[in-house]
Amino acid sequence: ISKEKFSLYPFCFKQVTIFGYPLSIFFIVVNEFCERFSYYGMRAVLVLYFKYFLKWDDDFSTTIYHTFVALCYLTPILGAIIADSWLGKFKTIVYLSIVYAVGQVIMAVSAIHDITDGNKDGTPDNMTLHVALSMLGLLLIALGTGGIKPCVAAFGGDQFNEDQDKQRSTFFSIFYLSINAGSLLSTVITPILRAQKCGIHTQQQCYPLAFGVPAALMVVALVVFIVGSGMYNKTAPTGNIMVKVFKCISFAIKNRYRNRSSKIPKREHWMDWAEEKYDKLLIAQVKMVLKVLFLYIPLPMFWALFDQQGSRWTLQATTMDGNFGSMVIQPDQMQTVNPILILIMVPVVDFIIYPLISKCKLNFTPLRRMTVGMFLAALAFVAAALVQLQIDATLPDFPSSTEQQAKFINMVDRPIDITAGNNTFQLETFQSNKDYYTYDRPFELKIDTGSPVLISLPDGTRNTLVILEEFGDVVAKPEEGANAIRFFNSFGMVLNITVGEESFGNIISKNMSTYVDVPQGTAEFLIKNAAGNQCVFSREFGFGSSYTFIIPPTFTLEENCGQHIKEVEDIKANSIHMAWQIPQYFLMTSGEVVFSVTGLEFSYSQAPSNMKSVLQAGWLLTVAVGNIIVLIVAEAATLPDQWAEYVLFAALLVLVCIIFAIMAYFYTYIDPAKIEGKFANLEPEDEKKKNLEVTKKDMVENHNEKRRKSSNSSSDEEETSQTNF
């Protein structure tokens with residue numbers, strides 16, 4: 001009796017509806033929201049994790065980022081084949097979601113610096129372990145997210161009956177809304193989580209939390225999906241159409257090669273050589289698909305530019321000012337501009353722009369829209385290049401590996417004249433020269449009328465010379481928008497300086513402290529001596545600057561002690577505002593709206609009814625190839641400036657755009673339903689007779705040709721000959 005009751009529950013649940021919709025779709029929509037939050041949340045902070053935690057340079061970080069994205073768009077083909085040919089959609093989603101969740105957990109663990117920080121200095125001692133865990137986690141995530149990508153939406157569609165077309169259409173709208181909602185929220189929240197401080201021994205940027213929350217959401221997604229198991233309509237796997245298409249194409253190519261003799265009559269289309277084994281309806285459908293896939297060839301270049309929003313553009317934002325009034329925007333949060341603009345621009349384009357163009361009697365066909373979208377993406381990279389030029393103008397000119405740079409601080413109580421190499425200048429008391437001087441060999445330093453001294457500095461370094469004392473300076477922009485601060489103590493006693501939880505330590509007289517990273521905003525430095533006397537020095541900082549603060553001999557530990565402290569600016573703060581990235585995001589999003597949405601609509605309108613999935617796989621493949629293009633350029637290009645790389649990508653896309661426009665001009669739109677109808681109306685016997693006649697004629701010719709050439713033949717040829725004779 002208990003078994004009988006248990007078996008009835010799924011049947012009962014399947015009948016439950018809310019406002020005409022199956023209750024089961026609630027679990028699918030929630031699952032998709034959590035999964036998209038997990039994926040985009042992890043991806044939002046990924047390139048900064050490579051740069052700041054794993055300490056990779058910009059080019060290598062970009063390469064690994066785009067390798068990961070490419071894998072995420074290659075694995076959907078594998079997932080679709082597994083679901084349709086072996087496990088079915090439900091089991092595929094469950095099994096690959098488990099792989100997905102494990103990958104997210106491994107990524108979160110890989111970001112915990114304390115697990116290998118034996119000396120508790122805040123830096124992992126075994127970076128190889130962190131890299132290995134990260135790569136394993138990303139591989140599992142790529143397999144999981146890509147594998148379930150083609151299954152979830154289709155599985156949701158399976159929950160509706162044939163008479164529920166309206167409800168099914170509404171479901172897909174809600175489904176894609178959940179995707180955008182998950183993407184938008186995650187790209188806002190996870191950068192905030194990353195910016196927090198966490199750790200057991202030392203407080204660092206909280207990448208474990210930024211990866212851990214998406215991991216938790218993926219576990220929730222899996223649990224929610226499994227909870228609804230009893231309510232789902234689970235269809236058995238019926239075979240994957242992509243496999244059938246590949247076999248048909250493969251047979252046509254092999255058969256054409258076998259019949260390459262000039263004596264054999266030509267056929268109208270090379271796919272017609274598959275008629276010996278496959279019915280004409282399938283062949284006609286494959287022809288339609290190939291016609292669209294041919295147009296896909298130039299499309300990867302668009303995605304090569306589009307997906308750099310998460311890599312190059314995010315890295316560009318790290319060198320910009322993110323202060324929006326009372327709110328501070330993290331570099332990785334700029335990615336939220338895209339989903340926000342998508343939600344605004346899709347209805348604007350659909351209900352305002354396109355109708356206006358139609359009223360102007362302009363034939364704005366889908367392929368023309370896609371061409372415009374590619375051109376807008378190219379303009380976005382031109383805008384990015386212009387912004388980069390402005391940023392480069394504000395960045396320090398750091399020394400090359402064969403150069404040295406030096407600046408000088410006068411710590412005596414009178415002005416002094418300095419000659420350093422070919423540079424001659426005067427410094428007032430407690431003042432520094434504004435810019436660094438660059439030398440490619442040891443130089444002579446002369447102060448006033450004294451004897452010259454030969455100064456030799458390490459190659460590739462910046463240095464501050466306090467008369468004849470040398471102190472190494474930072475040779476790169478401070479990481480993550482922090483400000484590199486240090487103090488020179490020329491006071492007559494030891495001073496202890498702290499800022500927040502960070503300490504400069506005890507600074508002895510006539511000595512320089514180490515650099516301490518101070519975040520953007522108002523910093524309060526607590527200065528005290530051994531007797532316990534203290535004062536507070538306050539200073540407002542921007543993003544990415546570096547200062548040397550000089551405590552003079554006349555310094556006093558009083559309420560306004562900061563007025564005595566002199567400052568030397570080693571590196572200017574980021575002065576180009578992140579808002580200047582909005583135009584490039586606007587152009588890119590505009591291009592996405594008219595390219596991506598239109599591209600999918602066009603593909604579906606030109607594809608046979610049973611081969612939408614083949615075109616979906618082809619579309620995702622263009623995204624993967626686009627990311628492969630980025631990693632090739634990032635590794636192979638030897639361009640010295642980032643703005644030049646942006647211009648290169650823009651130029652390549654304009655070239656591809658022209659090629660695509662020419663291809664589109666010669667494209668003839670078709671009606672797949674009409675073409676399929678021609679074959680559907682044929683009587684089965686007539687069709688069988690036609691195929692038999694063609695088979696006999698061609699196979700006899702094949703058989704005779706084979707007898708002339710060789711007694712050996714492939715297994716396929718033997719099987720075909722036996723069937724004919």
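Trainee: Which ring does Arg369 lie over?
Mentor: Arg369 lies over the face of Tyr354. The distance to the ring centre is 3.9 Å. Keep in mind that this is a predicted model.

Trainee: What about Arg267, where does that one lie?
Mentor: Over the face of Trp273, at 4.0 Å from the ring centre.

Trainee: Okay, rings with rings now. How many aromatic pairs does a search of the whole structure find?
Mentor: The search finds 53. Take Tyr49 and Tyr207 as one of them. Their centres are 5.6 Å apart, with 65° between the planes. That pair is edge-to-face.

Trainee: Why does that pair tie parts together?
Mentor: Tyr49 lies in helix H3, residues 46–53, and Tyr207 lies in helix H8, residues 207–227, so the pair joins parts 158 residues apart in sequence.

Trainee: Are Tyr49 and Tyr207 buried or exposed?
Mentor: Both are buried. They also belong to a cluster linked by ring pairs. Its members are Tyr49, Phe50, Phe53, Trp56, Phe60, Tyr207 and Phe211.

Trainee: Switching to charges. How many salt bridges does the structure hold?
Mentor: It holds 18. Asp307 and Arg43 form one of them, at 3.2 Å from N to O. Asp307 is in the loop between helix H11 (300–306) and helix H12 (312–317), while Arg43 is in helix H2. They are 264 residues apart.

Trainee: Are those two buried or exposed?
Mentor: Asp307 is buried, and Arg43 is too.

Trainee: Which residue does Asp158 bridge to?
Mentor: Lys89, with the closest N and O atoms 3.2 Å apart. Asp158 lies in the loop between H6 and helix H7 (165–194), and Lys89 lies in helix H5, so parts 69 residues apart in sequence are tied together.

Trainee: Why does Lys89 count as buried?
Mentor: Because its relative accessibility is 16%, and buried means under 20%.

Trainee: How about Arg194, what does it meet?
Mentor: Its side chain meets that of Glu480 in a salt bridge, 3.3 Å from N to O. Arg194 is in helix H7. Glu480 is in the loop between strand S14 (469–473) and strand S15 (483–489). The two are 286 residues apart. Arg194 is buried, at 2% relative accessibility. Glu480 is partly exposed, at 25%.

Trainee: Which residues do shared partners join into one network?
Mentor: Lys407, Asp473, Arg486 and Asp570.

Trainee: Last topic, the surface. Which helix gives the largest share of the nonpolar patch?
Mentor: H14, with five residues. Helix H14 (366–394) and helix H17 (642–665) each supply at least two. Patch members include Phe375, Leu379, Val654 and Phe666. Together the patch has about 970 Å² of accessible area.

Trainee: How accessible is Leu379?
Mentor: Leu379, in helix H14, is partly exposed, with a relative accessible area of 32%.

Conventions
Residues are numbered from 1 along each chain as its sequence is written. This is a predicted model: local features need pLDDT of at least 70, side-chain atom pairs count only at pLDDT 80 or more; totals for chains, interfaces and linings use all residues. Side-chain values use heavy atoms; hydrogens and water are left out. Rings of Phe, Tyr and Trp (its six-membered ring) pair if their centres lie within 6.5 Å; planes under 30 degrees apart count as stacked, over 60 as edge-to-face and the rest as tilted. Helices (H or I, at least four residues) and strands (E, at least two) are DSSP runs, numbered from the N terminus. Buried means under 20% relative accessible area, exposed over 50%, partly exposed in between (1.4 Å probe, protein chains only). A charge sits over a ring if NZ of Lys or CZ of Arg is within 6 Å of the ring centre and within 35 degrees of the ring normal. Patches are made of residues with over 30% relative accessible area and no salt bridge: like charges are joined within 9 Å, nonpolar side chains (Val, Leu, Ile, Met, Phe, Trp, Tyr) within 5 Å. Accessible areas come from the Shrake-Rupley method with a 1.4 Å probe; for residues, only the protein chains shown count as cover. A salt bridge is a side-chain nitrogen of Lys or Arg within 4 Å of a carboxyl oxygen of Asp or Glu.
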